[in-house]
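This report describes selected strand pairings and aromatic contacts. The sequence and the structure are shown below.

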Amino acid sequence: MAFACLGAAALNAAEVEPAPANAAPSLSVSAAGKRAPWQQRLTLGAGDSLNISLFNLPDTIHLDVPIAPDGRITFLQARNVMAAGLTIDELRAKLDETLANYYQNPHTIITPAAIHSKKYIVLGSVANKGLYTLDRPVTVIEAIARAGGLETGLYDQKTVELADLQHSFLIRNGERVPVDFEKLFQHGDLSQNVPLAPDDYLYFASAGVNEIYVLGEINSPGVLVFAPKPTAMKAIAARGGFTEKAYRRRVLVVRGSLNHPQTFVVESSDILAGKAVDFPLQPKDIVYVSTSAWVRAEDLLDTAARAFIQGFIVTITTRNVGPLLPKVNFSN
């Protein structure tokens, strides 16, 4: 046969801090739970504002001192001090060192007035897409609630959610976080309700879009509108065909959930030689062409999933947020 159905393979994903063994799943982040790495060393950034004074010198009190877009701050004679990337303790030490030229044994007191530098992004099938401030611990469910909830529509006189949970994802530091949105929203599994971190990218794919994703060593990789009776070779041809670097003997088709995918090995060389029938595609299938020889789908599945997510990010970012989204590196 030109293709073989293989079992699902686990995808590499970003590590998430496990909840304490005695912690019950929750809709919100527990204050008693273990702090995430970014909370253990909470750094300042542009947009934050601070209340600053010198100990025992009430005339030096400055309220709501902003950290400028270039990350610098000015307090008394300490001008244009770089604050971005520092903790409050580190900034205090830096100000003390600078002000020691003007005061005897200065002790700077700093308290945060507002933290606005930490952000996360929610896009896709939510009511209010956009960039949100991580001004307190926020879980996936809380982030969706802030965004007005998942988009809904009417089907058979019933209100249904329009998000494709199987192809939705959370990106952190260039890696997909292992969140099963189907378990979270369809089965109420709150263990999947993970806390967000700065620069997280939360995307909910649309259930109403019938597309095929042709990726890898293709002359024009990208999205293909679902047409009647699509096949793997037709989809590749429609996106410009193989590149010179493409491994043409076989291609991989990924179907279903990103967490529990079904994979098919398509013997493209046999199809092109007329020795086998072309592989029929379904909506949301991912067709991936590799640069090097491979045998097992498991060897290629993670690369195909990364290409799919990267393609989604590029497309959605271009449409919605442009340069607001931090660059995501998929080269590792």
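Two strands are taken as paired if DSSP finds at least two bridges between them. The model discussed here is a predicted one.

**The open sheet**

Leu50 has Val65 in strand 3 as its bridge partner. Strand 2, residues 49–54, is joined to strand 3 by 4 bridges, and the two run antiparallel. These strands belong to an open sheet of 3 strands, in which the order is 3-2-6 and the pairing is antiparallel. The edges of this sheet are strand 3 (57–66) and strand 6 (108–114); each has a single partner strand, so each is left with one side that has no neighbour in the sheet. On average, and with direction ignored, neighbouring strands of the sheet are turned by 15° against each other. Helix 2, formed by residues 88–99, packs on the sheet and touches strand 2 and strand 6. The direction of helix 2 makes about 135° with that of strand 6.

**The hairpin and Met82**

Strand 4 (residues 72–75) and strand 5 (residues 78–82) run antiparallel and are joined by 3 bridges. Together they form a hairpin, with 2 residues between the strands. Leu76, in the turn, has a positive phi of about 50°.

Arg72 stands opposite Met82, a residue of strand 5. When residues up to four places away in sequence are not counted, Met82 touches Asp70, Gly71, Arg72, Leu91 and Lys94. From Met82 to Gly45 the C-alpha to C-alpha distance is 9.6 Å, although the two are 37 residues apart in sequence.

**Aromatic pairs**

A pair of aromatic rings is described by the distance of the centres and the angle of the planes. The whole structure contains 7 aromatic pairs according to the search; the table gives two of them.

| Pair | Centre to centre | Angle between planes | Arrangement |
|---|---|---|---|
| Tyr120 and Tyr132 | 5.7 Å | 15° | stacked |
| Phe181 and Phe185 | 6.4 Å | 15° | stacked |

What does the pair of Tyr120 and Tyr132 tie together? Tyr120 belongs to strand 7 (residues 119–124) and Tyr132 to strand 8 (residues 130–133), so their pairing ties together parts that are 12 residues apart in sequence. Tyr120 counts as buried, at 1% relative accessibility, and Tyr132 is buried as well, with a relative accessible area of 15%. Both assignments follow because the cut-off for buried is under 20%.

The pair of Phe181 and Phe185 lies within helix 4 (residues 181–186), where these residues are 4 apart and thus separated by about one helical turn. Phe181 counts as buried at 0% relative accessibility, whereas Phe185 is partly exposed, with a relative accessible area of 28%.

Elsewhere, Phe169, Tyr201 and Tyr203 are linked into a cluster by ring pairs. A further contact involves a charge and a ring: the charged end of Arg250 sits over the ring of Trp294, at 5.9 Å from the ring centre.

Note on methods
Residues are numbered from 1 along each chain as its sequence is written. This is a predicted model: local features need pLDDT of at least 70, side-chain atom pairs count only at pLDDT 80 or more; totals for chains, interfaces and linings use all residues. Side-chain values use heavy atoms; hydrogens and water are left out. Rings of Phe, Tyr and Trp (its six-membered ring) pair if their centres lie within 6.5 Å; planes under 30 degrees apart count as stacked, over 60 as edge-to-face and the rest as tilted. Buried means under 20% relative accessible area, exposed over 50%, partly exposed in between (1.4 Å probe, protein chains only). A charge sits over a ring if NZ of Lys or CZ of Arg is within 6 Å of the ring centre and within 35 degrees of the ring normal. Axes are lines fitted to C-alpha atoms, for helices over the stretch in contact, and angles run from 0 to 180 degrees between N-to-C directions. Contact means heavy atoms within 4.5 Å.
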